[in-house]
Amino acid sequence: MNIEDIRRVLILGSGTMGQQIGLLCALKGFDVVLYDLNQEILDKAMERIGRKAKKMVKMNQYTEIQADQAVARIVTTTDPETAAKDVDIINESVPEDPVLKGKIFAQFDKLCREDTIFTTNTSSLLPSQFAEASGRPDRLCALHFHDTSMTNVVDVMPHPGTSAETMALVKAFAEKLDQVAIVLTKEHNGYVFNNMFMALLDSALGLASKDVTSVKEIDRAWMGVMHTFIGPFGLMDSVGLDTVYKITDYWAQKLNNPKAKANAAFLKKYVEQGKLGLKTGAGFYTYPNPEYIQPN
């Protein structure tokens, strides 16, 4: 398969990242299928995609016609066979569970064409953890997106069994999306940016969980010295506290790390209250007017 052959993209999982990636692909002219477990989830996802597209128009990033055409290129389905039909490339954004990722890739391996490329948007796992289960390890790699409203940087990462042809094709696909592809030569937890980013979040959470100072003061310290418009806890709200919690707790248990366990427990209190950050209107801050956007 050549890059010119990629026309139809399947997004597995219609959460925050699935929505962002699906809309990005549609805006760049690809036909997009958004797959999830039930239609209610998909309907809510399409509502958010529509709002995001309108926001892009207001920011003069796209015309109203371009945005409307992009949204029209996205179809939704809860039926795996329908989702897999004529798909050239898959990007997966299901929960951070290697067994679950392996199962869903194995399911679509049976339904997709032999040359369909599988990519994962996992933020904390390694493709090798579910490569064999996918049924096509040579055609599987990571294509990891960050918040598409903030950056156009993506990671393209192989596992030991990924073919060179797959890596080249996925890199070309990323560039078709007008993304800057950071190509890794081997697997590494957290890719490049996330590896550095998670160290920052780990430190910030450690300070808060030990009551060294408040969330607000930690963010103010970072923002004041680094001259950024947002601090680590504001960033966690943007990512989603449920996602940050799952990643933190996964590695805390896997490595039996007491500090990480304390950080996970600190996050869990917010998650159990439904305070997941920007997407629920409340996390460490309340939205749409979080305190960190105020002067001083």
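## Surface and overall form

The protein chain exposes about 14600 Å², and carbon and sulfur atoms supply 54% of that area. The structure is a predicted model. Its secondary structure comprises 12 helices and 8 strands.

A compact globule of 296 residues would have a radius of gyration near 19 Å, and the value of 19 Å for the protein chain therefore agrees with that expectation. Taken along the principal axes, the box filled by the C-alpha atoms is roughly 55 × 45 × 35 Å. Of the 296 residues, 49% count as buried. Among contacts with a separation of 6 or more, 67% join residues 24 or more positions apart.

The buried residues are Pro 232, Phe 233, Gly 234, Leu 235, Met 236 and Asp 237. Their cover includes helices α8 (193-209), α9, α11 (241-255) and α12 (258-272). Just after α10, Gly 240 adopts a positive phi of about 115°.

Asp 219 belongs to helix α9, which covers residues 215-226. This residue is buried yet has no salt bridge. The nearest side chain of opposite charge is that of Arg 220, at a distance of 9.7 Å; a salt bridge would require a nitrogen-to-oxygen distance within 4 Å.

Leaving aside residues up to four places away in sequence, Asp 219 touches Gly 231, Pro 232, Phe 233, Gly 234 and Tyr 285. Pro 232, Phe 233 and Gly 234 are also among the buried residues of α10.

## Charges and salt bridges

The protein chain carries 32 positive and 36 negative charges, whose mean positions are 4 Å apart. The count of salt bridges comes to 14.

One of these joins the side chains of Arg 113 and Asp 115, with an N to O distance of 2.9 Å. Arg 113 has a relative accessibility of 30% and therefore counts as partly exposed. Asp 115, at 34% relative accessibility, likewise counts as partly exposed. Both residues belong to a network of salt bridges that also includes Asp 88.

## Salt bridges between distant parts of the chain

Lys 259 forms a salt bridge with Asp 202, and the closest N and O atoms are 3.0 Å apart. This pair links distant parts of the chain, with Lys 259 in helix α12 and Asp 202 in helix α8, 57 residues apart. Lys 259 is partly exposed at 39% relative accessibility, and Asp 202 is partly exposed with a relative accessible area of 29%. Helices α8 and α12, which hold these two residues, are also among the elements that cover the buried residues of α10.

A further salt bridge connects the side chains of Lys 216 and Glu 291, at 3.2 Å from N to O. Here too the pair links distant parts of the chain: Lys 216 lies in helix α9 and Glu 291 in the segment after α12, 75 residues apart. Lys 216 has a relative accessible area of 38% and is partly exposed. Glu 291 also counts as partly exposed, at 45% relative accessibility.

Definitions and conventions
Residues are numbered from 1 along each chain as its sequence is written. This is a predicted model: local features need pLDDT of at least 70, side-chain atom pairs count only at pLDDT 80 or more; totals for chains, interfaces and linings use all residues. Side-chain values use heavy atoms; hydrogens and water are left out. Helices (H or I, at least four residues) and strands (E, at least two) are DSSP runs, numbered from the N terminus. The radius of gyration is taken over C-alpha atoms; the globule rule is 2.2 Å times the number of residues to the power 0.38. Buried means under 20% relative accessible area, exposed over 50%, partly exposed in between (1.4 Å probe, protein chains only). Contact means heavy atoms within 4.5 Å. Accessible areas come from the Shrake-Rupley method with a 1.4 Å probe; for residues, only the protein chains shown count as cover. Lys and Arg count as positive and Asp and Glu as negative; His and the chain ends are not counted. The place of a charge is taken as NZ of Lys, CZ of Arg, CG of Asp or CD of Glu.
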